[in-house]
Structures are given as structure tokens and as C-alpha cells.
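Dear colleague,

Please find below the structure that I am handing over to you. A short account of the findings follows it.

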Amino acid sequence: MSYRVREIALAVTIAALMLLLAWRTTGFFTATNLVDLFLANLPTMMIAIGMTMVILTGEIDISVGSIFAICSVVMGECARAGLPMVVSVLIASVAGALMGAANGGLTAYIRIPSIVATLATMVALRDGLRWYTQGAWIQGLPQQFQWFGLSQSSFTELCLAVVTVTVLLGAAGLKHLRIGREIIATGSNKAAAHIAGIHTSRVVFGVFALTGVLTGLAAALNAVRFNQVPSNSGLGLELKVIAAVAVGGAAITGGAATITGTVLGVILLSGIGSALTFLGINAYWEKAIQGAIILIAVAVDALQFYRRDDAHTLAA
Amino acid sequence: MPMNPILSATGITKSFAGIQALKGVSFELREGEVHALIGENGAGKSTFTKIVTGALQPDSGELVVHGQRVANFSPQAARSLGIAAIHQQPLLFPHLTVAENIALALENGASGWRVDWKRRHGQARELLHRVGVDLDPKRIAGSLSMAEQQIVEIAKAIGADAKILLMDEPTALLTDREVDHLFSLIRQFRQSGVGIVYISHRLEEIQAIADRITVLRDGNTIACREAAGIDRGGMIQLMVGRSLASIFPKHTVAMGATALEVCNLSNSSLGLHDISFSVKKGEILGMAGLVGSGRTELAKTLFGLSPAACPIYLHGSPVQIHSPAHAISLGIGYLPEDRRQHGLILDMDLGENMSMASLDSVCRLGLVHREKEASQGERYIRDLRIKAAGASVAARTLSGGNQQKVALARWLAIDPQIMILDEPTQGVDVGSKSEIHELIGQMAERGVAIILISSELPEILGMCDRIAVFRKKTIAGILQREEATQARIMALAFGHPDALAQETVQA
Amino acid sequence: MHTHLRPKFRLSGIQWALLGALLVEIIVFGVSSPAFLTWTNGMEILRFSVELGLLVVALTPILITGGIDLSVGSTIGLVAVTFGLAWQNLHLSIPAAAALALLVALLCGVVNAALIASLNLPALIITLGTYSLYRGVAEGVTHAAVSVTGYPESFLRLGQGYLWSVPIQVFVFLLFIAFYAVLLHWSKVGRGLYAIGLNAEGARYAGLPVRRYLALVYLLSGVVSGVAAIIYVAHLGLAKSDLGTGFELQAITAIVIGGTSVFGGRGDLFGSVLGLLFLCVLQNGLHLLAQPSEATGVLTGALLILVVASDLLTERMQAMRQRWARWRRPLLIAGAAGAAVVAIAIAFTLRSSRANAGLAEHRPVIAVMPKAKGDPYFISARAGAEEAARQLGVDLIWDGPTSLDPSMQNELVESWITRHVDAIVVAVANKGSISTVLRKARQHHIPVLTWDADAEPDGRDYFLNQATPQAIADTLADEGARLLNGKGDFAIITGPLSAENQNEWISFIRQRVAERYPQMKLVTVLPSDDDRDKAFSQTQNILKVYPDVKLIIAISAPAVPGAAEAVQQARSKVNVIGLSLPTICRPYIHSGVVQTIVLWNTRDLGYLTVYAGWLASQGKIPPNATSINAGRLGELDVRGSEIILGKPMLINKANIDKLDF
């Protein structure tokens, strides 16, 4: 499988980066730092799993940042209202699911191109949230909000478990569940999928809703790292997530992406930011380096034999 | 052998956007029968196939399967009734493996939420073995060659345990050995009571395998005969409806100097090798051969869509053609095989389509002169007798024949010196067909060197001065007009020396 | 079906509807807001639409080919910065600097063109990469902080001047519209672009030079973004790396609303310009009606969906029922007329209700602008402002930018000038760019005050000084020194790298430390982008990379709790001080992680904005006043043109519980 080429290339790049860090810095490879990095990039990782599936079907979702912000606020409001933490997490996830479902409905059933539909929801949701909160933070949260009332390390373990399960379920689902295969088939050749009896509309709707749920869950987990909830989190999150999935080898036209690639992409792009600080390189260059990575990753694609346009003769 | 009909179609009609593809087709398939469906290109065979497999709904008519009348037939319903099809164009998922492609076609909505990879791989291996091919089921479909893709399609159909199997040009891309094996599979199916609809242009194949033959012409069922009781000449007569001579009036043209010459041409990316031929001004060189034998590949090479390894000689001088624009500037035109995708831009209007290869001639200072373009369009509409309301209707609204005329007009507008025509009358009604032939003849009279690629042997035999027969991406032989017969062409195309000895067609 | 303009204009259904909606908009705003239908306001709408409009015009052909270019906004930032630095640091003349800048713009276009047209890579991802890369280079080169101002008058005229009462850049815009109209709708290249969008393979088979045409449009897009950048700099009088943020999505929104399909092959320039006008008028009108900026966003999103959905719907209807197609246009016109009637009715109701609310008496309107709406610091100020407004019986407009882009503050002030509010009180984000428009306000006899951060002195009547930047910096430095006993390493966490007054404080801190505490060393300055979570991770990084740091000064309100949380979770002994609000720092002050925060009563400050604004509008501040009576704040000192609120306050365990802002 040619995906392996991309994944290997990524793994090598990450290894090279780590070697550089190990050689030139101290403190990067401590447990605390790695844990901190993990928690800080948990949202990116969780949402990227969903985004991988969206991109597999040949669509895109640029509204995840706005959904994240709203779900964070929902989480805070529920907790402030005195609801038990589990219920709050559930409600936040459901809120994410609903917004994801809206995206899915617009794309799959009303047939608005996903880039336009999610552009519209991105803007409307974020501004709507700002209108509602007027910028105020959510404060006065109960004691057991932070870390669900657990100790810091237990919370970290919980998050690790959640992320691991999500990643594994995502990878396994795509490989071993019928619905997973349908996702890939839909993006690979929608016409053939239709003929094979796959309900492509339902599949597309489903991946958007799933991404919404993951976003909501990620928002909840992220919110409880602190004791207050700001009202404008997740700025630029969609860019991070899409970049990670693209760097991970996904074809934007659909049908080609792997969870492994995405995970490696998230690790590489998230690691860069922190690596810069540790290496003493100015923070100002972070965006430039991330942009360059995206370009290189995709340009390398051009060398990949398999994904040339000739493959489209199959679908004709 | 039992004689019960398992599929019976009566009075099927179907039209698309005002074009009537099927005017009243009747067809009956018995259990354990191989029933061939033949007809010219555009006679309606593919449309009928799609209706039987549930991909299209007929406008009227009755379809009875296993004694039950069916209405609102969906592909899933067709599958559940045991109908499977092997299409001309493989419809695979390029990113998935062979095994999964087969599985998705067969699993169809059933069997739970978990995927059993072991079963899938085993199933694929077994089916491929039955087809008699050594293909790794783990290969990604996107990396398969066209022939390999078709094999996967065959495997899908076999696995579907069909009771009714439709095969549309199944041997187009197969080697002789693979064809033999396929035929023995077909005989096995027949033995076990499966009814097979066999669609093909290859008349000797049909003679070899079919029990009955139904002939379609212009969307109508013309005849249904026992295979034993009709020979190829009779088949052609029924398909065409008139004697050959009257359809393809051949102009006698004085030929000029060599316009195009090709010496040991090869194109590694398309698989072409050792191609040599020449075309004189005013000459019509036909190119015959099975689908995939390299004719369109050659056309693409000549037209600059794919680079050749060595130069082509235009009027004696060597040139390397590196793009279609370059080819056009050298006076080469190419009417592509796929009219809807490549020959026209369907959503643009007629004037725009016709001027597209010669924009500079309707431009002033780089700006498009609309009136000039429109009047040019009107002129062609008149001269070519294109049935359209005017030059500003969208190309999509025209019938196949008229669309082809528009596509041809595009090339007439560049006043080419060399014209490559790839299946110019495929999917075109008979009236337009003869008009197009007339236009081709006129071009030859004007001194254009013409390459005519066609799968319709009568057309090639009728129109061409010489015929180059392709086989396996190279030229197997070039026949002069006088010595060319369908049998000889087929012999070269198949590489069967025995075929030369067989009975020839009454022309 | 026709894909583009013919010599006689033929509008698609969507464009008719858009035209109708635009008219409705104009009527509604015109009726409910008297200042809307004036020449000046119209010209200002045009002026503000030029930079975005240039992008709209350059992106339309790209979308028509079925592609996309997300990097145009970032190109603006990079080119602006190149221009500014070339002029300021390399001492090139303005034309030479412009030429260099346009060269960079061309380069940006070349990169996109090479990757997309030649290598055939997907435009969405490539331009996502260049979106990041170009902005990143702009930030890297300027350290995101540098902001070049002080351009000569002659240059600024390009962006701020008039020619025959029309803003000069509008002429440039018209030129480009004409160029693109010819290119897209009359030239053979344009014909080719539509063909590529409809069927790229088919275009190739017809001998059209597909790659060349695609390369051309992406190249041009870079160049046009460059032109937009230079005009923008002239417009704001400012060159900074964050110029153009968010423009690409706005441009695409306008283009899609105007009827262009993202799949390609369909759409035209007229529709795009209509879409642009529609959105600009919407924003302007809402501002004039004192509706918050968020309304624009929500409405735009809803509109985008409505437009595309209805377009698809009518297409499907047309495909299914030929006879309905005949009725489409009359129905649309009828629908538009009906909507117009409804809108007029609403407008009149709005207007009369506003009149009633004012008891037929003209209530003074005080317009106050925070630096950013999402910052808790400004939210607490708002509470005070509303209090003063209630007390004085005046109308308060509280609105501010929702994005980083500096032009938003200007645009808002412009609309306030048009409305002729009674006083404008602005917390300045970009001194250089805002001063121009503030001076204009003063010319219109609207009293202008600044608060939190000052503009240029001739741009405002008074500055509400809660503390000078120097005083703030000194207090922080002194407090830090106190905690460190005068020696040790420390770090600073700031807001966005480009925030002007934070950068001012940083330089004053450096100065103070150099003068008085030579044994203290500033090891790093990291940005938090006013994001609490980011301040958290940055602090974690500091604790690991610079283990000798003993003190962190966080000078952005959301950053203090973020930094404190990181220190607390790491169980570190590092001190955290900064500038923030008591309410969000309370738990950390109680736990001792944060020793002190420096602030002033933000609610009082907010109160003062309205009160002082009101006093100024009523002419109640005599020219040489040395003090004013500020309501419940009592007597406040006036020094020159500065009204002093008080000294910065040190908030710590002792007094935090008494404060509730």
C-alpha cells in the first residue's frame, strides 16, 4: 500500500526532529513535557480523527473551531448550573453532534458544497456565540469542575485513555466495520458506491455528525483543565486539524487517508511549535514553518505514482 | 435443456432529453441459454443492459423476471433477483483492494456491521481462480491495468451467483487464453441453468458461443434467430439493414504527397511500440482492431496528449508534438472517442464549442468577437444540417448525432491538413451517420489526410483506402482496400491464422 | 444555459434576487437611519470595500476554474510588511518600495501557480499551506510586532484622499474591475477559464493551454493582492503583519453569494461585485443602526446557506419542471417586491420605536469602542459604561472589532461619524491607523476621547489616562523586583505579538530594569494571542526551557490565569504577576501563586468613558480645566489633555475580596 510511503516519511521526519531535540535541548523528553504537549494538543488529535473521515468522503469541515468554542461554553454553563460532570460532558458532546449534524444535513441532503456550508456555519456560529456571551468568561464553577474532581495525574490518564480509545476505534472502525469501508468507498467512487447499495448521503451525514461529537467531547475535556471557561476558544483549530490530516497523507478528493497518517501529522505539526521554543528559535516563525511543512508534504505527493489522475480512468 | 424464459422484456422504450434511445425492444432469455445481443454502436444495447440491471427505469414496456413482473427496478432489487452484469467500463473503487471491490459488489447491504477480511480474501482468491487468473486480491484497484480491471468485473459477476448474467463486450481486453477460459466458464454457467446475455461486436465469438441472437437497430428489435441458422453476413445485414455499398459512398479521390509518416513509433506510457505507417493527402487510412489494441493511444500520441519517444514526420519534416495546442498549430485535428467528455464542453453553446480550437480566428486583439463566432456557428449549423435552434443553445440539448456534427465542426474550423477521427459515428443515428460520412469524404476530396479509427467493420471497409489493423498496441498488418475483408481484419486483430481460412462476408 | 455575460447583460436568478435584496437593504437602512443615504456614507462604503473588492475580483476567475486561493489575505500581510520595511529600513523611495513589494506579491503568486498549475496539486491544500507560510514569513520578518507608520502625505492620499469627491482607491478598483471584466468575459483567456471549470480535460482536448491559463490566474491573484496591500497601507497609514486577516473567507463569501459555483464553470464578475456590495452595505448599515458587529457574521452565514441552497433548489426545479422556469423570474421579482414592502414596514416601525424611546427628545449618543470584544478586561469596563449611561440618560453604543484586522476599528469610527454620534471614545489598538479617522471625527465636530491606550495627540480631545504605559511598566517592574529581591531571570508573556501597547510596556519594562535592576534579566517574551490556553502552554514551556526563571510577568488579562494555572499544576515556586482582572485571578491570588496584579478599577474606567464623553459632548469641559466632576468618581485631575483616573492599583490578597470587577 502506498500509504506506507507517506507514513514512513512522516515517521522519519518526526524521528529526525526528536533526534535534533534530544541532542540540542534538555527537558523536552521529560514525562511532564510530553504530558503537557499531549494535553495541549488533545483537541487537535481527537477532532483530526473525525476530520480524517470527513476528508475520506471527499468533503471538508472548516467549522470545527467554532463548534469547539460553543461546546466549551456549553460545558461550562452546564457545570455552573450544577449538573453532574458526566451529564455536562454528555450534553456538550450532544451539542457538538447537533452542530455537526447541521453541517451534514446541509452537505449531504441539501447538497451545498461542504466548503461553503461549513464556511457559513463557521462564521455564523462563532459570531453567534460571541453575541450570546458578549465575551464574558464562565466563572464560578464548582470545585469538581477542574479535572472532574480527580487528581491531575488521574485526569491525564483518563485523557490518555479517551484519546487512545478514539484513535484505535477510528482506525479499527475504518478497517473492520462495514460503515468504515463505506466511508472510504463513498470518497473513492461515489457512483460505484451508490450502485453497490451504499447510502452515500447517510454516510456523509454521519461523518459530519461524528466530527461534531468528537469536537464536543474534546471541548469538554479541554475545558476541565482549568477552572474557568473563556468564550472564544478554538481559534484557528480547524486550520491545525486540516493541516495535520493533509500532512498525514490524505487526498483532499477523498478515498485516501489513514488514521496512522493523521496521528503522525498531528504529532509533527504540534511538536513543531513546542520544539521551536525549546530550540530557542523565535516563536514568530511557527506559522511559516507549518506552512512550509504542508507544502512539502503535498508536493511530495506529486511524486507518488499511484495517485496520478490516470487513476480516474477507473471511475469514468 | 429446459426452455423456460427467465427474463422477458416487451416493448421497452427509453428516451433521454428528447433523444429516443429505445423505441420498442423485446427480448427473451431462457434458462441455460447464451443469447447474444448484437447491433451497431448506438443501437441501444447499453441502454437496454442498464434497464435490465435496474440502473435505469424504462419509460414504458414490461419486464418479467422469473415469471414475476417487475416495476421500479433498483440495482439492489435486480441483484436480489439474481441479475448481474459485467459492464464495458469497469466501475471500481480505485483506492480499495481487489478483494474489497469484489466484496462490496457482492455483500450489498447485508451481513452485519463487522467486516470479515478473511472471508473476503478467501472469496476473492476463489473467484479469481475460477476466472482462471493469477491476480493478487490485495492489490489496489487503482493500480490495475484495464484488462485486469475487467477480470475483476468478471469475478464479481461470477461471485454474484447470478441466474441472469449480462456481459457487455467481456472479451474486449482479454488475451486469447483468457477468452478461451471465459468461454469455458460460460459453458459451465449454461450447463447449470444460468441465462447469459452476451453483447459483443465480435461476430465469430457469437457464432462460437451463442444459442440465439437478437439484433437491435436504432432502438428496435429487428430479429431474433437461432445462432445456427444465420451467418455473419446475415447478422450484418440485419444490423445494418441495407447493403453495405449504399451506406458508405466512397468518393474516388486523387491522392497527393505523404502528409504524415510514422516510423517505429513508440510511447512507453501508453504501451505503444513499433508503429509505422504513412498517410497521403486525400487518403483515408482506417484503423481497426479490438478495443484496447492501441488505436486511441496512437491518436493521443499523434495529437500531443501523450509524448512519443521519437518524432513524427509531417510533410517530410520531423516534429515532436508536445501538446494538443501544438498539434493544432501544425494542422492536426482530433475528434475524440468520448464525445461527451472530450469532444465537447456540454454546458457551453454550439458557437463556443465550434470555435474552441480556432479561437484566434474569431478573436481580435485577444478578445472574442461574438458576432463572428455566432455567425460561424450559424454557418456550420446550416452547412452540416445540424438540428438545433441556433448557435446559442447548449450542446447538451442536442442529440448524439447532432452533437457529433458540432464536435466535427470544431475541427473543420481549423482547416486541418491531418484529421484523426476516433469512432466518429458511435452512438449516432443513421441519418447523421451518413451525413458525417459524406463530410469525411468531402474532407478527403479537399486533400486532408484522414485517419479513421472505427470498431464498425462495415464502416471501415466502406470508407477507407487502406486499413491498418492493430493488435496489442502495435500494427499487425495493413490491408489495401481491395484485399480487405471482415474476416481478414478480424484475423489480424485476433492474431488467429485459422480465421483467414474461414468464410468471408458477402459485401 | 449560459455561463457568463453576453454583450447584453443577462442576470441569473440569483443575481436578480441579490440585486433585489441589495435594494431592500438600501431601503431599510435608508429609512431607519438618516445618515445612511448620504453621498459621504456611500463613498465610505466604497472606500472600505476596495481592498476586499480587489481580492473578490481576483478570486472570481480562480473559482470559475474550479480552484481556490486561500492565501490572498496572507499575501496582503506579507506585501504590506515588505513595503513598510523597504521604505523604513532600506530607505527606498515610496515607488521603489512599492515595486519591491509588488515583486514579492508576484513571487507569492508564482509559488501558488507553480504548485497548482504545473504540478497539478490540489488548490485547497496548497493555498492552505501558503496561507500559513506567507503570514508566517510576514510575522517572522517583523517579529509580528513591527508596525511601520509615518508615510508621506502624498502616499497617504492614495488611500485616504478624494478625487472629485470619490475616494481615490475606488478609481484603482474600477480599473481592475475593468481589466478582469475584459479578461473573464471578453478575452479568449476568459473563455478558456470557463471551459476549464466546466471540463478541464475537454478543454485540453480542444487545444486550450490549461496549465498556462491556470498559472496566469494564480499569478495575477498574487499581484492583485499586492496592489490591495499597498492601497491598504495608504488607507490605514500603517503596515503590519496582521493586515488582511480573514479577508480570503470574506472574499469567497461575497463571490459565492454572487452566484459563482465553487465547482467551477459558472459565475461572473458582476455577481461577485454585487455580492461584495451587498455585504459591505450590510455591515455599514448594521453599524449605523448600532447593531453589534456579530450580527453581520450571523447574517452572512445564514445568507450564504440561503443563497446556495436556493440556487440548487431552483436548478433542480428547473431540471424537473420545464414549465416552472418561465415563472422563475416573475416570481423572483414578485418575491423581491414583497420583501421590500415588508422591509419598509419593519424599517418604519424601527424608526418610530427609536423615536418613541427617546421621548421625541434627542438623547445624546455616546459611542465607546473597546480594543477587542472578547477580552474580560473590556467586559468589566462595559459594565461601568452602561452604569454611567443609565445614570445620565444617554444612549450607549458599545461595539468593537471582532477580528485582529486594524481596519475594523476605522470602519466602525467612520460609521459613527456618519451617524454623527455625540461623542466617540476609543481604546486604541493601532495608533498610526486610527488617528487619521479620529482627526476626521474632530473635523466633524464630534468630540473624541481615547481610553486605555492613546492615539496621536491631535487625534483626540482628551485621553482618559488610567495610567501611562510608563507607569504601568514601572509598577510591574518594581513589583517584580520586589519579589525577586532585585536579581534573577524573568520572562514575559504578552498578548498577540502585534499588540501595540503591550509592546510599549515591554520596552518600558526593559528600560526600567536596565536602569534600576541590572541584576535582573529578561530571558524571553512569548505570545499568548490573548488565549488563556496558549498562555498556559507557553508558561509550561518557559518552566522547562528556562528553569532559572523565577518570575513571569503576564501582560494580557487572559494570560495571567493561564500562566498561574501552569505554575500551579507544575507545583513550581515561580512568581506570577501581571495585568489582569481580579475576578479571573481571584483563586490564584488566594492560593498565593499570583502575588500581585496591577490594574485599576476597570469599571470606573468604563464609567468614565461615558461620563467624560458626555461632558465633552455637552461642552462642559472648559479649555483650561484642571479638574472635572465625574459623577460618582468625584473630582478628577486634568493635566493638559489627559484626564487622570488614578494610579495603577496593586491588587493582592489583602484587597482583592473588596473588588468585584
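Strands here are DSSP runs of E of at least two residues, numbered from the N terminus, and two of them pair if DSSP finds at least two bridges between them. Please bear in mind throughout that this is a predicted model.

Hairpin and pairing in chain B

Strand 11 of chain B (residues 258–267) runs antiparallel to strand 12 of chain B (residues 272–280), and six bridges join the two. Within this pair, B:Thr258 lies opposite B:Lys280. Four residues separate the strands of the hairpin, in which B:Gly271 adopts a positive phi near 90°. Strand 11 of chain B also pairs with strand 14 of chain B (residues 312–314), again in the antiparallel sense, through two bridges; here B:Leu260 faces B:Leu314.

Contact between chains C and A

Chain C and chain A each give 61 residues to their contact. On the side of chain C, helix 5 of chain C supplies the largest share, 13 residues. Other elements that give two or more residues to this side include helix 13 (293–320), helix 15 (376–392) and strand 11 (520–527) of chain C. By residue class, the side of chain C comprises 34 nonpolar, 17 polar and ten charged residues.

Nonpolar core

The largest nonpolar core holds 485 residues, and B:Ile450, C:Phe83 and C:Ile552 have the most contacts inside it. Helix 10 of chain C (residues 210–236) contributes the largest share of this core, 18 residues. Beyond its neighbours within four places in sequence, C:Phe83 is in contact with C:Ala97, C:Ala98, C:Ala101, C:Ala229, C:Ile230, C:Val233 and C:Ala239.

With kind regards

Notes. Residues numbered from 1 in each chain as written. Chains lettered and ligands numbered in written order. Predicted model: local features only at pLDDT ≥ 70, side-chain atom pairs only at ≥ 80, totals over all residues. Contact = placed C-beta atoms within 7 Å. Nonpolar A, V, L, I, M, F, W, Y, C, P; charged D, E, K, R; others polar. Core = buried A, V, L, I, M, F, W, Y, C linked by C-beta atoms within 7 Å. Buried ≥ 20, exposed ≤ 12 C-beta atoms within 10 Å, placed from the backbone.
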